[in-house]
Amino acid sequence: MMETFRTYCSIDLYGRLNILSSTQIVFHTRRNVANALHIPKSMIRVIKPRVGGGFGAKQTNVCEVYPAFVTWKTKKPSKIIFSRVESQIASSPRHEMEIHLRLGATKEGIVKGIDMHTLSNTGAYGEHGPTTVGLSGHKSIPLYAKAEAFRFTYDVVYTNHMSAGAYRGYGATQGLFAVESAVNELAAKLHMDPFEIRQRNIVKEGDYMPAYYGATNTSCALDRCLAKVHEMIRWDEKYPVHDLGNGKVRAVGMGMAMQGSGISGMDVGSATLKVNDEASTASSSVQPIWGRAVTPRWHRSQPKCWTVSWMTLPFLVQILTLHHTTLAPMPPVQRMSPARLWKNAPSSSGSRSAAGR
């Protein structure tokens, strides 16, 4: 991460606890602090400024509860700022994982079976233990769509080490390293090019992925990505090794990965677009920043076409285009004198009717 862990707390005019924190989980922070202080969540407001980056490390409430407790008890502002050393020794590192993997393939290099077991060390606490270990298999096995059978099992254990948490890849990195290393070994045994064996097995758009929660791959350009990388790296000139002629050599290797942000159906963002009467627009969105420090942005719509563009990396959002609407002309309003208006007004009491007459 870039900036260290830091939090500033104060009490606003309504008596609410305001938490200004360098965090990736504004809503989890609100819930956790409310539980820790035994106060309603409605009494807490969490603000995340658009600075710094977390890269997963700030998906844990490392420091928020301490100044929150001080401010709530004293009703005075407080803050805490971790040094770089404190951020290294008092935060959450990547999960240590030991992975056992077996591959079964034909002589033509078609992967038919994958057997994977992950042993994950979650440290002293299990905050992200059950979720990170799942991604070690769910983000690696689906890359090879030709597999007719797969098995993915795992164990998560507590140890007396530092509690592990979210970190760049959220468990997928460990599993991908194991699977891709095994596929490279398989390619060497079959005397095949690592690019070629992957092109024969990769998942493509429209493929059903039983190893990824039974989802269908609705958008994928992995085959074109591999071809472009093969061309740009000048793989055929450098693989397996290129002799530089001065007693040094340069080698190349390759591996694939799949990753995403957010949990489908759970980690979602919302946005509201309001069209004003003078053809301008006002928009508001609710979306915390994610590990890669990417924040969605609205582009101001043009009155002549009523289109809105949504630019964001973690999510794909569809917004319908509003077409021109022709309004029917309104009939002219007939002006009435004050006396006529009074006479036609509905009467609410007998005295008023009498006065009107």
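**Figure 1. R200 and E196 close up.** R200 is partly exposed, its relative accessible area being 31%. Its partner here is E196: the two form a salt bridge, and the closest N and O atoms sit 2.4 Å apart. E196 counts as partly exposed too, at 35% relative accessibility. Keep in mind that this is a predicted model. As a bit of background, side chains of opposite charge can pair when their charged atoms come close.

**Figure 2. R102, D115 and R151 in a salt-bridge network.** Three residues share this view: R102, D115 and R151 are linked in a network of salt bridges. For the R151–D115 pair, the closest N and O atoms are 2.7 Å apart. That pair links distant parts of the chain, with R151 in strand β7 (residues 149–158) and D115 in strand β6 (residues 111–123), 36 residues apart. How does D115 count, buried or exposed? D115 counts as buried because its relative accessibility is 17%, and the cut-off for buried is under 20%. R151, on the other hand, comes out at 47% and counts as partly exposed.

**Figure 3. E237 and R234 at a salt bridge.** Here the side chains of E237 and R234 meet, with an N to O distance of 3.2 Å. E237 is exposed, at a relative accessible area of 54%, while R234 is partly exposed, at 43%. If you're wondering how many salt bridges a search of the whole structure finds, the tally is nine.

**Figure 4. The cis peptide bond between Y239 and P240.** What joins Y239 and P240? It's a cis peptide bond, with omega at about -5°. P240 has its place in the loop between α8 (235–238) and β10 (241–243).

**Figure 5. Two tyrosines with positive phi.** Start with Y170, whose phi is near 55°, a positive value in a residue other than glycine. You'll find Y170 in the loop between β7 and α5 (172–189). Then there's Y213, another residue other than glycine with a positive phi, this one near 60°. Where does Y213 lie? Look in the loop between β8 (208–209) and β9 (215–216). Y213 is exposed, and its relative accessible area is 58%.

**Figure 6. A four-stranded open sheet.** The four strands run in the order β3-β2-β1-β4, and the pairing is mixed. The edge strands, β3 (44–47) and β4 (78–81), each pair on one side only. From one strand to the next, the twist averages 15°. Strand β1 (residues 6–11) pairs with β4 in the antiparallel sense, over four bridges. In general, strands of a sheet pair through backbone hydrogen bonds, either parallel or antiparallel.

**Figure 7. Helices α1 and α2 against the sheet.** Helix α1 (residues 26–37) lies across β2 (17–21) and β3, and it runs at about 145° to β3. Helix α2 (residues 65–74) packs on the sheet as well, and touches β1, β2 and β4. The direction of α2 makes about 15° with that of β1.

Figure 8. I89 has its place in helix α3 (residues 84–89). I89 is exposed because its relative accessible area is 56%, and exposed takes over 50%.

**Figure 9. Zooming back out to the whole chain.** Of its 357 residues, 36% count as buried. Among contacts with a separation of 6 or more, 63% are accounted for by residues 24 or more positions apart. The accessible surface comes to about 22,500 Å², and 56% of that belongs to carbon and sulfur atoms.

Terms used: Residues numbered from 1 in each chain as written. Predicted model: local features only at pLDDT ≥ 70, side-chain atom pairs only at ≥ 80, totals over all residues. Heavy atoms only, no water. Buried < 20%, exposed > 50% of the residue type's maximum accessible area, 1.4 Å probe, protein only. Salt bridge = Lys/Arg side-chain N within 4 Å of Asp/Glu carboxyl O. Pairing = 2+ DSSP bridges. Axes fitted to C-alpha atoms, helices over the stretch in contact; angles between N-to-C directions. Contact = heavy atoms within 4.5 Å. Areas by Shrake-Rupley, 256 points an atom, 1.4 Å probe, with all protein chains shown as cover.
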